[in-house]
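Hi,

Here is the structure I said I'd pass on to you. Have a look at it first, and then read my notes below with the viewer open.

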Amino acid sequence: MAETMISLSRTLQAAALSLAVLPITAVAIAPPAVADARGRTDAGASARRMLAQLKVAAPLSLRGYSHRRFQPRWAHHKGECDAREVVLARQGRGVRRNGACQAVKGVWRSPYDGKVLRSVKQVDVDHVVPLAYAWRSGAKRWSQAKRRAFANDLSRPELFVVSHSVNMAKGGQGPQSWRPPRRAYWCRYATSWITVKHHYRLFVTRAEKVALLNMLRTCGR
């Protein structure tokens, strides 16, 4: 009987100890803010590695460039839906389309300036690396087919819904002369720019590289 009581006591003690460690395990899970900061830090580190692999060179001449050399029109991807409409649908909320797959209603948030856009007339689909800038970074030497694929790329972070006003302010400028008004978006903007250029093997200028490195310093903050 005594042996049975001792065994039962030991069992209860072991159970109590196993319960006691549960809160410690739970505390070890990183809160969302910390996890997000780590994610941005990792993205920044990855972008720096990709940037280091890009060739640094002087920009090519703009001679011969026209928007039509890249994009005579938006390419169709799903039936009547072209690349622009796909981007509007996936980056907006409550987006409604007409029979021609054109967005007629929705709400979008412009990441560059933080504006909330409630009318299709207020939005633009921006090429993160502008077409004219890509031309001077090496796309001048591409085939027409490759330039068209670049201008309609839905896989890389090249197409974003932004406000018309901020898109006009950006124009065809690079990061050495224009940055998003929202400093909180600098990390994402720089990593997107570098990801696109790295995938297409476009080169960077020395001033462009310095500007990108400066923006990457905001990653993880």
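Start with C187 and C219: these two cysteines form a disulfide, with their sulfur atoms 2.0 Å apart. One thing to keep in mind from here on is that this is a predicted model. If the term is new to you, a disulfide is a covalent bond between the sulfur atoms of two cysteines. The torsion about the S-S bond of C187 and C219 is about 105 degrees, so this disulfide is right-handed. The link joins distant parts of the chain, since C187 sits in helix 8 (residues 186–200) while C219 is in the segment after helix 9 (206–216), 32 residues apart. Are these two cysteines buried or exposed? C187 has a relative accessible area of 6%, so it is buried, and C219 is buried as well, at 10%. The cut-off behind that word is a relative accessible area under 20%.

How many disulfides does a search of the whole structure find? It turns up two. The other one is formed by C81 and C101, whose sulfur atoms are 1.7 Å apart. This link is right-handed, with 85 degrees about the S-S bond. C81 lies in strand 2 (residues 81–82) and C101 in the loop between strand 3 (92–97) and strand 4 (103–109), so the pair ties together parts that are 20 residues apart in sequence. C81 counts as buried because its relative accessibility is 9%, and C101 is buried too, with a relative accessible area of 6%. If you count the bonded cysteines along the chain, the pattern is 1-2, 3-4.

While you have C101 on screen, check what surrounds it. Leaving aside its neighbours within four places in sequence, C101 is in contact with E80, C81 and E85.

Next, the strands. Strand 4 and strand 5 are held in the antiparallel sense over two bridges, and the bridge partner of W108 in strand 5 is L117.

Strand 6 (residues 123–127) deserves a look of its own. Five of its five residues are buried, so the strand is largely enclosed by the rest of the structure. Which way do the residues of strand 6 point? V123, V125 and H127 point one way and D124 and D126 the other way, and all are buried. Strand 6 pairs with strand 7 (residues 159–163) in the antiparallel sense, over five bridges. Across that pairing, V125 stands opposite V161 in strand 7.

In helix 6 (residues 144–151), the buried residues are R147, F150 and A151. Seen down the axis of helix 6, they fall within an arc of 95 degrees, so they line one face of the helix. What covers them includes strand 6, helix 5 (131–136), strand 7 and helix 8.

Helix 9 has E208, A211, L212, M215 and L216 as its buried residues. Down the axis of helix 9 these fall within an arc of 140 degrees, so they also line one face of their helix.

Finally, zoom out to the whole chain. The protein chain has nine helices and seven strands. Of its 221 residues, 41% are buried. Its accessible surface comes to about 12,600 Å², and 56% of that belongs to carbon and sulfur atoms. Among contacts with a separation of 6 or more, 72% are between residues 24 or more positions apart.

Definitions and conventions: Residues numbered from 1 in each chain as written. Predicted model: local features only at pLDDT ≥ 70, side-chain atom pairs only at ≥ 80, totals over all residues. Heavy atoms only, no water. Helix = DSSP H or I, 4+ residues; strand = E, 2+ residues; numbered from the N terminus. Buried < 20%, exposed > 50% of the residue type's maximum accessible area, 1.4 Å probe, protein only. Contact = heavy atoms within 4.5 Å. Areas by Shrake-Rupley, 256 points an atom, 1.4 Å probe, with all protein chains shown as cover. Disulfide = S-S within 2.5 Å. Arc of directions from axis to C-beta. Pairing = 2+ DSSP bridges.
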